[in-house]
Amino acid sequence: MSKKKPKFLVETSAIPPALKATTPRYTAYFNEAIADGALYSSLYIRKEFMRRWICDTIRVALVLKQCTTWADALVILEQDFGRKPKGTLDVVQHLLRQTGTINNSEAAAEEVGRLAWQWLKLFDRVFAAKVNNLSKCQIGGRELKVDGNSLLSDLYAFYVEFQKPITDCEVNDFLSLAEAKSKARGLLDHFEAKKCDSVENLDKLSANGTNITCKECGTIGDAIVALEQPNSWCLVHVDKAFNALCGALEKENKHIKSLTAVAKIDLNPDSTGSQVASGSE
Amino acid sequence: MARPRKFDVPRGVDDIATAPITKSYFHEIAPDLSAELIEDQFEVPPRAHPVRVRIRSEVIATGAKQFRSIPYLASVRRRNADVLSKMVLGLHEYADRPDLAVYTYPLFSKSKQMLELLEAGEKEGNARLIIRMIRDTFMNGQWENYRRSDTRTVVAALIEGKLIAEDVTIADAGAVFDKLADLGFNPVGAELPAMEKDNEQEEAQVPC
């Protein structure tokens, strides 16, 4: 009788290697770490993917469209974004150089804009299977409807709509912070988990009795992902906060190395591959 | 006394001294949008009274416009797609060579040229999406897939089927994305940056 494939819920930080949209070395490392397991996502993780990658990319494309050159756009984007999307800006710059569009902002904006459409398409292709949407996220399932003939206008419309917070989200019921025995409350009381930023933020929201909209939800994403994880699935993550979160919820997790760490492995052939969080396997 | 030279003066006008002078210039923009200069000079004879000189300059863009028209750009796309499709099939001659990358260079250049030609086409956006995906298959080592005959056949058929059509739709672009992914290509062509956390410290990551 054939052995059942292990089921992996891929957390937001582990998406690039899961999509094979990173360096071949890192992709190979990821494939080895998950062996022949089946990959799953959730609507909530899809929401985080859209917030972090798709919206950032759309923003870069639209600023680029309104600037004469990439150099002008880069100054504005670095001022607006701060350090956060440095990776996105580097990838865009590399792409524009490679495709010879760096001095033509019209073509460059389209070159970048199409990445948003293609990345989301790739995500939906790789993660056709999703776990139940327990948090009832209302924006994670949104479609990016574009037409190549009106690409930037369509991306703009998507971005604007995506930024509008849902004010009556059922995530408040899912968390049940008022109930002493709720799992979310358990995270707040756990010695290790409560040190994580997402749990700290959750604690503040709970203390203030804040109605959680998409704006607040963006600050407690890790906690929601961990709470949504089904018991029989293993969470694959790069972000080390999940070691504590999964530990607190007694759920299986696999902490894989970051891109930088994997690059270091190659310099040190004695290093081993992925490290599995204690008690997870 | 020498009679002043007549210049665009209507015949039969009694008072030659007050008749207006009209001069017309036509600038016809060539399809290649090259700059041209029209230079002229004329003398206005001495008059007892002021005379009105009317200069009329007209830019004629009809000729240039037709080279940016929707039907014309569609025909440029179809013609070039036909060439590109044949170039893909032609790769079979080099499929076993270790330097295959060199022979995919003209296909990469052709795709880039097509993008430049169609850049102004307001109805060529979906075609450009497809051409970019095809172009990306000749980048970053992905050309290795062209060693396989099924890859060459499928990509050539995609180019013919989707880019030689009358209208190219977003559904066509989506179908090309799926087919290329089925063939083992990464149709996005750019690496997804590693995640950078908003407010949480974790081990340093560098972009892909």
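The largest pocket in this predicted model holds about 760 Å³ of space. A pocket here is an open set of points on a 1 Å grid over the protein atoms alone, where a 1.4 Å probe fits, with protein on both sides within 12 Å along at least five of seven lines. Its volume is the space filled by probe spheres set on the points. Lining residues, those with an atom within 4 Å of a point, number 34, and Leu19(A), Lys20(A), Ala21(A), Thr22(A) and Asn186(B) lie nearest the centre. Two or more lining residues come from each of α2 (24-34), α5 (86-99) and α6 (105-126) of chain A, helices being DSSP runs of H or I with at least four residues. The top contributor is α2(A), with five.

Then there's the helix packing. α6(A) sits against α7 (residues 151-163) of chain A at about 50 degrees, axes 10 Å apart; axes are lines fitted to C-alpha atoms over the stretch in contact, and angles run from 0 to 180 degrees between N-to-C directions. On the α6(A) side, Ala109(A), Glu110(A), Gly113(A), Arg114(A) and Ala116(A) meet Leu151(A), Leu152(A) and Leu155(A) of α7(A), with contact meaning heavy atoms within 4.5 Å.

As for bookkeeping, residues are numbered from 1 along each chain as its sequence is written, and chains are lettered from A in the order in which they are written. Local features need pLDDT of at least 70, side-chain atom pairs count only at pLDDT 80 or more, totals for chains, interfaces and linings use all residues, and side-chain values use heavy atoms, without hydrogens and water.
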